[in-house]
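Reader: Hey, can you walk me through this one? I'm new to reading structures.
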Amino acid sequence: VFFFFKQKTAYEIKECDWSSDVCSSDLDVTNILLQILDEGELTDSHGRTVNFRNVIIVMTSNIGSRELAQQARMGFSIPEESVAHDAVAERYEELKSIVLRELKDAMTPELLGRIDQTVVFAPLGLPELQRICDLHIEDLQQRLQKKHITLDVSKGVRQEIAQRAFNEEAGARPIRRFVQELIEDPIATSVVTEELGEGYSVQARKTGGQVKVVPVKKTDKPSK
C-alpha cells in the first residue's frame with residue numbers, strides 16, 4: 001500500500017508494508033483501510049487522529065500475475081508487424097476481464113466498492129526488463145564510483161540478467177538478485193581478497209555462456 005501525501009509543492013510518497021498483496025491482507029488491515037477510505041481519517045487507540053483527506057492511496061495485488069506473465073511471453077515472441085499480434089492484444093483484454101473478476105472474488109465488496117479506479121498493468125516484457133536491469137547496474141556503478149572503482153558491464157551480461165528474470169516469470173523482482181549474484185558478489189569477494197581496490201576498474205563480460213567479473217588496474221590494458 002502506497003500513500004501519496006499532498007504537500008505544499010509536491011507529493012511525498014510513503015510505503016506502508018502492511019501486506020505485499022492487499023487481497024491477502026489481514027482482516028484488521030482491511031478494517032483500517034475501510035475507515036480511511038470511508039471517513040478520510042484514522043484514529044488510534046490513544047485517540048490520536050491522522051487526516052487522510054489530502055492523500056492518494058495506491059494498493060497493489062498479484063491476482064492474475066501468472067496469466068499475465070504468460071501473455072507477456074506470447075507477446076514478445078510475436079513481431080509487432082505480425083497479424084497475430086492483434087490476436088495477442090485481444091487475448092490480453094480477455095485476461096484483463098478475468099483478472100478483474102478474480103479481484104471481485106478475492107476482495108471484500110465493502111473495500112472494493114470504495115476504490116475509485118482499478119488498473120490492470122500490462123505485463124513486463126523482455127525490453128522492459130532490460131531497461132530495469134540497466135537501472136540496477138547504474139545504481140551499482142554509482143556506489144562503486146564513490147570508492148573510486150569503475151564498473152563496465154557488457155551488453156551480453158545485461159541481456160543475460162534480463163533473460164533470467166524473464167524466464168522466471170516473476171516480473172522485475174529477480175533482477176536485483178541476479179545483479180547481486182552475478183556482479184556484486186564477485187566484486188565483494190575481490191575486495192575482500194584485495195584483488196580490487198581504489199583506482200581499479202571492473203569488467204563484467206559473458207564468456208562461454210558464463211558471466212566473468214575481472215578486476216583491471218586502470219594502468220593495464222582492458223582485456224577483450
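Predicted model: local features only at pLDDT ≥ 70, side-chain atom pairs only at ≥ 80, totals over all residues.
Reader: What does the secondary structure come to?
Author: The protein has 7 helices and 8 strands. Those are DSSP runs numbered from the N terminus, with at least four residues (H or I) for a helix and at least two (E) for a strand.

Reader: OK, what's the mean pLDDT of the protein?
Author: The mean is 78, and 74% of the residues reach 70 or more. pLDDT is the predictor's confidence in each residue, from 0 to 100. Over residues 4–9 it is below 50, though this stretch has 16 contacts in the model beyond near neighbours in sequence. A contact means heavy atoms within 4.5 Å.

Reader: Switching topic: where is Glu184?
Author: Glu184 sits in helix α7, residues 173–192.

Reader: Is Glu184 buried or exposed?
Author: Buried, because its relative accessible area is 18% and the cut-off for buried is under 20% (exposed is over 50%, partly exposed in between; 1.4 Å probe, protein chains only).

Reader: Which side chains make polar contacts with the one of Glu184?
Author: The side chain of Arg143 does, at 3.3 Å, and so does that of Arg176, at 3.0 Å. A polar contact is a pair of N or O atoms within 3.5 Å; within protein, one must be able to donate a hydrogen and the other to accept it, and residues adjacent in sequence count only if both atoms are side-chain atoms.

Methods. Residues numbered from 1 in each chain as written. Heavy atoms only, no water.
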